[in-house]
Amino acid sequence: MCGIVGYIGHREAYPIIIEGLKRLEYRGYDSAGIALFDGTSLNVSKTKGKVADLENCVQQEIPNLGHIGLGHTRWATHGVPNSVNSHPHISNSGELVIIHNGIIENYAALKQELISRGYTFKSDTDTEVLINLIEDVKKKENVKLGKAVQIALNQVIGAYAIAVFDKAKPDEIIIARLGSPLAVGIGENEFFIASDASPFIEFTKNAVYLEDEEMAIIREGKDIKIRKIKDDSLVDTYVQELQINLEQIEKGGFDHFMLKEIFEQPKAINDTYRGRLLREEAIIKMAGVEDNMKKFLNANRIIIAACGTSWHAGLVAEYIFEDLARIPVEVEYASEFRYRNPVITENDVLIAISQSGETADTLAAIKLAKSKGAFVFGVCNVVGSSIARETHAGAYTHAGPEIGVASTKAFTTQITVLTLMALRLARAKGTISSSDFRHHLLELEMIPKKVEKALKAEASIKEIAYTYKDVSNFLYLGRGYNFPVALEGALKLKEISYIHAEGYPAAEMKHGPIALIDENMPIVVIATKTPHYEKVVSNIQEIKSRKGKIIGIVTEGDKTVRELADHVIEVPETLESLSPLLNTIPLQLLSYYIAVMLGKNVDQPRNLAKSVTVE
Ligand code: F6R
């Protein structure tokens with residue numbers, strides 16, 4: 001979490017950093033700060049609140065001058081969000097400036113040591129400890145800033161992406177990473193530093209991504225030199241050409257990124273299977289699966305590790321893999337798995353699912369599985385992310401940048417990738433007939449058009465949102481493939497509207513949650529035409545007898561549920577295994593409109609961040 005931006009070059013740093021911070025606000029938005037050096041004075045401005053609040057402060061407080069600067073948008077870990085705790089932090093001498101994303105775990109011991117040597121601290125942060133440690137090393141060892149950063153980082157336990165500069169040497173920025181992402185945009189005699197490439201895509205398409213345990217010395221008008229933090233050895237600089245463009249990271253006429261991303265799903269799903277699903281030839285081509293087919297076919301089981309919405313996609317995958325490919329699957333919260341001392345063998349395959357590819361718990365689960373000899377496959381959206389690099393093989397979702405904090409298109413594209421994988425493995429194992437396989441390919445190819453149709457229910461969903469926006473609780477029920485969809489619907493509502501919501505398997509309702517049902521309780525029931533349809537209808541009857549308000553997600557033309565429910569939202573018919581791809585759509589829109597009607601900040605819900613790089 002936290003977004004960091006830096007600039008060194010011939011332009012004014014201020015507008016580049018402020019605009020860059022706005023693009024990184026998805027990473028954290030409880031406070032923000034900027035430091036600019038104009039050759040004479042170091043101007044620092046920090047505030048609680050959003051980057052827009054920082055802009056106001058800067059206009060009142062400091063001249064926007066300087067060709068070198070660092071900016072930060074924060075998701076608080078150590079110390080409450082306020083102007084003192086927000087970054088950049090300055091060393092005791094007033095010479096060194098730092099921005100940091102991550103956590104220094106041994107900061108308390110380092111702080112005590114520094115206090116005993118006369119250092120003082122203004123903030124509660126681990127970052128202020130790090131910049132003073134760097135200063136201390138620089139003075140004690142009488143070394144240049146780059147060397148001091150290297151020595152200091154070797155004393156640090158934790159995770160970081162940092163950028164540091166010295167007022168006395170304003171033609172140089174030092175950066176380093178361990179566990180938090182860091183990209184450098186390479187322009188003509190100028191460099192851009194950021195947590196991802198979005199702050200600099202209009203300036204350059206050339207970027208270098210730092211690997212873990214690497215640091216770089218960036219010199220204005222000169223070059224970037226990358227070294228290993230541990231032993232100072234030089235690393236080759238690999239410049240990548242960026243594939244994203246400005247349009248993809250702008251709202252494109254929508255009120256919020258979340259709404260834009262909901263409506264992007266037909267295209268995103270299409271992009272996910274394009275080139276992989278070859279219907280006429282009746283084949284699925286996925287290099288990462290093909291190259292490791294033996295690992296999958298010989299696997300005792302597949303373990304899926306993920307968090308949040310990605311975990312829900314994993315639950316859907318459990319149904320698909322077991323149903324179609326007959327491979328046993330266990331789905332794990334990465335945060336629990338990593339600390340549970342799980343039994344993992346060389347014959348296990350771990351699939352890690354992550355939109356950002358940076359989630360700390362998922363990364364730790366991958367490292368654990370690798371250490372036990374398991375084969376690890378990644379399903380990520382962000383190209384070149386830490387998880388994409390840490391896994392043995394993988395498949396990208398190709399959803400394009402997801403900026404709204406609530407995950408939408410990432411979920412449906414993850415399910416698409418996992419469905420393709422399950423189908424490919426089923427074919428290889430012979431657990432699906434040729435005609436069934438072809439039928440799945442045909443239906444999958446029709447999903448984007450059907451999602452477009454499902455999105456047409458927007459107006460009626462808005463009305464339902466208006467009816468229930470003021471309630472305090474919601475229940476979501478689904479069965480089989482759609483139980484995870486119920487969980488996902490409840491999570492979407494909770495995280496952006498702050499209304500309490502729970503998802504349950506429909507049949508579990510009578511084992512407890514039914515006690516909650518009265519005339520004030522809205523219950524979203526996924527009741528599309530699947531083999532469990534009749535059973536779900538019985539559950540609806542049970543709700544009705546207790547006067548609960550029923551919002552049914554039904555297949556086009558359904559009559560039975562329409563007669564029982566207070567509201568119905570229709571989605572097109574498809575195979576049960578593909579139904580989560582359609583049934584999710586109305587739930588996303590419902591939570592979106594409720595949150596908008598309640599005046600909540602849909603794209604940046606309180607306390608959350610898009611990329612959870614801390615435990
Ligand atoms: C919910 C949401 C989170 C993420 C979770 C994992 O809308 O976005 O629950 O799904 O933090 O993130 P990734 O997929 O980036 O690992």
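Me: On a 1 Å grid over the protein atoms alone, a pocket is an open set of points with protein on both sides within 12 Å along at least five of seven lines, and lining residues have an atom within 4 Å of a point. What volume does the largest pocket have, and which residues are closest to its centre?

Reply: In this predicted model, local features need pLDDT of at least 70 and side-chain atom pairs count only at pLDDT 80 or more, while totals for chains, interfaces and linings use all residues. Side-chain values use heavy atoms, without hydrogens and water, and residues are numbered from 1 along each chain as its sequence is written. The volume of the largest pocket is about 1,200 Å³, taken as the space filled by probe spheres set on grid points that are joined across faces, edges and corners. Its lining counts 47 residues, of which D196, S198, I244, I249 and P401 are the closest to the centre.

Me: How do you know which elements give two or more residues to the lining of the largest pocket, and what makes up that lining by class?

Reply: Elements are DSSP runs numbered from the N terminus, helices being H or I of at least four residues and strands E of at least two. Those that give two or more residues to this lining are α1 (13-23), β15 (240-241) and α13 (386-390), and α1 has the largest share, with three residues. With Ala, Val, Leu, Ile, Met, Phe, Trp, Tyr, Cys and Pro counted as nonpolar, Asp, Glu, Lys and Arg as charged, and the others, Gly among them, as polar, the lining has 13 nonpolar, 17 polar and 17 charged residues.

Me: What lines the second largest pocket, and which residues are closest to its centre?

Reply: The second largest pocket, with a volume of about 640 Å³, is lined by 33 residues, and G308, E495, A609, K610 and V612 are the closest to its centre. Two or more residues each come from α10 (308-325), β20 (348-354), α12 (360-371), α14 and α17 (483-497), with α17 giving the largest share, four residues. By class this lining has 15 nonpolar, eleven polar and seven charged residues.

Me: Why are α7 and α14 called roughly parallel to each other?

Reply: Helix α7 (residues 265-273) packs against helix α14 (residues 409-429) at an angle of about 30 degrees, with the axes 9 Å apart. Angles under 35 degrees count as roughly parallel, and α7 and α14 are therefore roughly parallel to each other.

Me: How do you know which residues of α7 and α14 meet?

Reply: Contact is taken as heavy atoms within 4.5 Å, and Q265, A268, I269, T272 and Y273 in α7 meet K409, T412, T413, T416, V417 and L420 in α14. The residues of this contact divide into five nonpolar, five polar and one charged.

Me: What makes a space a cavity, and how many cavities of 30 Å³ or more are there?

Reply: A cavity is a set of points where a 1.4 Å probe fits but cannot get out, and the count comes to three cavities of 30 Å³ or more. The largest cavity has a volume of about 80 Å³, and of its 14 lining residues C2, W75, T77, H87 and G102 are the closest to the centre. Both β6 (96-104) and α4 (126-141) give two or more residues to its lining, the largest share, three residues, being that of β6. That lining divides into four nonpolar, eight polar and two charged residues.

Me: Which helix gives the most to the lining of the second largest cavity?

Reply: Helix α20 (residues 579-597) gives the most, with three residues. The second largest cavity holds about 60 Å³ of space, and its lining residues include T528, K529, P572 and E573.

How values were computed. Axes are lines fitted to C-alpha atoms, for helices over the stretch in contact, and angles run from 0 to 180 degrees between N-to-C directions. Angles under 35 degrees count as roughly parallel, over 145 as roughly antiparallel, 65 to 115 as roughly perpendicular and the rest as oblique.
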